[in-house]
Amino acid sequence: MSSRPADLLIARAVRRGGPWLAVLTATALLGAAADLLIPAALGRAVDAVVRPQAGAGAEAGSGITGPLATAALLVALVVACDALGVLAAGVSGARAAQWLRSRVVAHTLAVGAGMTRHFTPGEIVTRAGVNVEEAGRTPEAVVTAATLIVPAAGSVVALALIDPWLAVTLVAGLLLIVAVLRAFMRRTTAASGGYQQAQGDIAGMLVGALAGARTITAAGTEEREAARVLAPLPRLRAHGLALWRLQARAGVQAAVVVPLLEIAVLGVGGLRLSAGGLTVGELLAAARYVVLGAGLGSALGYAARIARARSAARRLEQLFAVPPPTYGDRPLPPGPGTLELRDVTVRADGARLLSGVSLVVPGGTCTAVVGRSGSGKSSLAAVAGRLVDPERGAVLLDGVPLREIAREPLRRAVGYAFERPALFGETLGEAVAFGLGARDDTGERSGERVRAAAAAARADAFIRRLPLAYATPVGEAPMSGGEIQRVGLARAFAQAGRLLILDDAMSSLDTVTERQVGQALTGSLSDRTRLVVAHRVTTAAQADQVVWLENGRIRATGTHEGLWDDPGYRAVFRAEEAS
């Protein structure tokens, strides 16, 4: 991946440091300028001692006092700038990280299910957490590294004013230091990318293992799963050692160059002093300036931070490279909710999940989608309400392609329920009303719609039995898997304006409750088009039509009674019951 988008992202993050970035820059520059003035003040003080003016000793003492006082004030200024710079670095870094994290989270949620087709949840969390923090430290590293140029350049100028030969010697040494830094930066960026990728791999497998923790415990495979999760550790160690070796090698190179540079400048300065071209004070100042100039070597640590930040920014840019779905601006015309799929093909990771599916679901009818595991049922459910866009073909709702419908009317029209619903909101009432406004299109209050939807999903009774009823906090509600599914169903019932899609959303319901919810689907909810991924015979039997999928294609459509004569159709349900 090109580093240019990552560098642009870092530049935008640096700008998000706000006013504190200006404070950091100002204090760094002011501190660097003060550092440059200290050697001159000390040099003048030494010269006042070594070559006192003719006259009384009191006059010599007064000649020292001014430069020493100036040096003391400059030191105090450096200390104050350092203290304020630390605060400014922390705040600007936090603001940059906040901006980056907000962008990552907003973009990830905007992409939706499409993001998890490219990255595991653990990988996404790692990038939104660790990598954002690494990229968020960029303002301090960039500003501090940049301001190190000030004392280096200033030292060259100061030495040129003292003696041009000293400046030439310092420039030669600085060129060597810059070469070391460039090589270090390039190699560290590559090694950091491998290290961060290994971190993401571990996090991705750990999140998957935690999701199946009960299964792992029940199977007694904790040690095997721990070994699987930690399989990338050798790779992580290798990249970590590579980073340490790079830093150690560059540190040794800088550690050799800097003392040699100081010796060279002092040697040249000593020769000039013996020839009468320098004073003792000027030689002292030159010694201090070479230390300041050679301080460019301390940019090694900041170069490492910038390298890690660039690598982290590349990983963030990979998230941003996944485009969110674009919505049109067409409103939905009045209609019964007729759903049509035209030659729809869906592919993920190179595998075809649906292939050339064409289907019409008449408005106000109930269609059951059946098939063996892996036949494409969930893919059909996802593409029907535009959780996923097809690679080829079109999906229409009441004659309008879903891509052309504006986001808000589309999401008001379609309601989804899933096998494992995630309940958002502080309370159960908010969980059912999630995504609803204060009133729906007909003017009905959301509270009334929530209770009606909960009753249809057979969730109203157990919610009312709780001490706080609908005001019960979601995290404190003692719910079974079936009850959680009923709350998810209630949310979908409340949300769906004209199309209701149930993706295996009744798998945890007992037979009686499933029959009751099925009655609601054919009764109070019959004004909406219903697409139900079915695994049980009873659900398919209640549908107006059945779509039988096999290997991503429609094998047959018809009524349940008409398809029941086919042994292959009956075998679908036997396979589902066995699994």
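Predicted model: local features only at pLDDT ≥ 70, side-chain atom pairs only at ≥ 80, totals over all residues.
# Reading loops, rings and overall shape

Q: What is the phi of Arg 386?
A: Here is the general idea: most residues other than glycine have a negative phi. Arg 386 is not a glycine, yet its phi is positive, at about 65 degrees.

Q: Is Arg 386 buried or partly exposed?
A: Buried means under 20% relative accessible area. Arg 386 has 5% relative accessibility, so it counts as buried.

Q: Which loop holds Ala 469, and what is its phi?
A: Look between α17 (460-465) and α18 (481-495), where Ala 469 lies in the loop. Ala 469 is not a glycine either, and its phi is positive, at about 50 degrees. With 21% relative accessibility, Ala 469 counts as partly exposed.

Q: Now for the rings. How many aromatic pairs are found in the whole structure?
A: The search finds six aromatic pairs. Take Tyr 416 and Phe 418: their ring centres are 5.4 Å apart and their planes meet at 5 degrees, so this pair is stacked. Tyr 416 is buried, with a relative accessible area of 10%, whereas Phe 418 is partly exposed at 30%.

Q: How are the rings of Tyr 569 and Phe 573 arranged?
A: Planes over 60 degrees apart count as edge-to-face. For Tyr 569 and Phe 573 the angle between the planes is 80 degrees, and the centres are 5.2 Å apart, which makes an edge-to-face pair. Both residues are buried.

Q: Why are Tyr 569 and Phe 573 separated by about one helical turn?
A: Because they are four residues apart in helix α22 (residues 567-578). Ring pairs also link Tyr 569 and Phe 573 with Trp 548 and Trp 564 into a cluster.

Q: How many helices and strands does the protein have, and what share of its residues count as buried?
A: You can find 22 helices and 10 strands. Of the 579 residues, 46% count as buried.

Definitions and conventions
Residues numbered from 1 in each chain as written. Heavy atoms only, no water. Helix = DSSP H or I, 4+ residues; strand = E, 2+ residues; numbered from the N terminus. Buried < 20%, exposed > 50% of the residue type's maximum accessible area, 1.4 Å probe, protein only. Phe/Tyr/Trp six-rings, centres within 6.5 Å; stacked < 30°, edge-to-face > 60°.
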